[in-house]
Amino acid sequence: MRQKVPPAASGCSWLLFWAQLLQSARLSIDMYLPALPELARHFGTSAALVQLSLTFFLLGLASGQLAAGPLSDMHGRRGPLLIGMLIYTIASLLCAFSPSIGVLIVLRFIQGLAGSVGVVISRAAVRDLYSGPELTKFFSLLMIVNGLGPILAPIIGGQLLRVTNWQGVFIVLFVAGLLFCAMIVLRLPETLPKERRVKSGLKGTLLTFRSLLRNKRFMGYALSQSFVMAAMFAYISGSSFVLQNMFGVSPQLYSLIFAVNGLGIIVTGQIAGRLSGRYGERKLLAVGLLLCALGGVLLLAAVLAGAGLWPILFCLLAVVASVGMISTTTFSLAMQDQAETAGSASALLGLLPLLLGGCVAPLVGLGGEGTAVPMAVVISAAGLLSVLSYLLLCRGREGGRR
């Protein structure tokens with residue numbers, strides 16, 4: 001059933017969609033990746049130190065969600081979103097004029113903190129506006145961002161570097177941030193009325209998080225999605241070494257493979273959005289989880305059997321494509337009962353995958369660059385744990401088609 005929505009809700013929804021696009025790590029990270037070698041030369045430093053700017057951005061993106069979600073529950077969506085976007089915009093400009101790599105790392109952390117506001121509030125505001133299959137359909141639109149990001153962002157960054165230097169990437173983010181701030185002021189209505197806002201302070205926030213962590217159904221969906229994203233992080237961390245070093249895939253072909261997997265995310269996300277009203281989100285989630293787990297197990301079998309490149313590519317496609325269907329349905333199902341605490345719930349749903357993914361990513365490299373076994377083990381284990389989380393915490397706890 002659709003909730004009563006404020007005027008201009010349709011326009012508000014598309015604005016929030018572009019907020020997710022702009023503030024997502026895809027643009028703020030992937031568009032920045034082609035400039036890393038130039039950054040190292042510019043500051044006369046090592047590649048490892050330059051990569052810390054990415055690490056600290058992710059740390060800011062993860063930790064900022066814990067504050068952004070509760071603040072939006074207490075003060076509404078529009079104000080915190082505007083403040084976060086302003087800080088993000090200013091930080092982007094300052095990044096372009098960083099005098100040293102240390103300053104850039106600090107500014108990237110601040111940029112990540114501010115960027116987390118858009119990620120959290122975009123999901124929470126959608127929950128303010130929609131429920132049921134319509135909520136799932138909108139989350140399927142957000143999957144377009146996750147799929148297009150790895151395809152378009154590095155290409156945009158690479159093309160920018162043809163006409164400008166690394167500072168130009170941050171200037172583009174600064175200009176985009178200014179435009180988005182203007183759109184918030186001129187077009188974005190408040191989606192959380194004052195009477196529905198959380199009145200408690202820090203103590204209430206901690207109690208809300210404790211309640212969410214004790215909610216088996218919510219945590220079941222959150223953990224299912226987090227383990228799938230852990231498999232995705234393992235793929236991102238290990239696939240370039242496996243495919244290029246072991247199978248001789250060129251960087252250009254690897255980019256094409258990455259793009260095809262990104263298209264897989266888009267396709268399954270749209271399938272989930274279109275079929276949610278007919279079959280229910282829970283059935284679609286079960287299909288997605290089985291696809292991820294089966295792809296992971298077959299990947300491990302293919303690697304151990306030395307099956308060659310093509311079986312590995314098909315298994316990786318199955319695992320990565322499942323992300324679109326799983327993320328779409330888990331976000332919708334987890335947020336259904338969180339109307340009053342949508343910001344805090346959105347924060348946990350965003351935080352847990354980053355934490356879990358950050359923990360498993362280093363495991364992929366334990367065996368060195370000459371083996372695919374660690375990557376396959378992590379991906380298969382994560383896929384199986386996602387199914388186990390769903391079966392233990394979610395199955396049988398809801399009635400109906402959902």
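Is Phe43 buried or exposed, and at what relative accessibility? Phe43 counts as buried because its relative accessibility is 16%, where buried means under 20% relative accessible area, exposed over 50%, and partly exposed in between (1.4 Å probe, protein chains only).

1. Some ground rules before the tour. This is a predicted model, where local features need pLDDT of at least 70 and side-chain atom pairs count only at pLDDT 80 or more, while totals for chains, interfaces and linings use all residues. Residues are numbered from 1 along each chain as its sequence is written, and side-chain values use heavy atoms, with hydrogens and water left out.

2. Now the rings. Searching the whole structure turns up 4 aromatic pairs (rings of Phe, Tyr and Trp, the last by its six-membered ring, with centres within 6.5 Å; planes under 30 degrees apart are stacked, over 60 edge-to-face, the rest tilted). One of them is Phe43 with Trp166, a tilted pair at 5.6 Å centre to centre and 50 degrees between the planes. This pair links distant parts of the chain, 123 residues apart: Phe43 sits in helix α3 (residues 36-43) and Trp166 in helix α8 (residues 166-187). Helices here are DSSP runs (H or I, at least four residues), numbered from the N terminus.

3. Trp166 has another partner. With Phe170 it makes an edge-to-face pair, 6.1 Å centre to centre and 85 degrees between the planes. Because they are 4 residues apart in helix α8, about one helical turn separates Trp166 and Phe170. Both are buried, with Trp166 at 1% relative accessibility.

4. For contrast, look at Phe56 in helix α4 (residues 47-75). Phe56 is partly exposed, at 31% relative accessible area.

Notes. Helix = DSSP H or I, 4+ residues; strand = E, 2+ residues; numbered from the N terminus.
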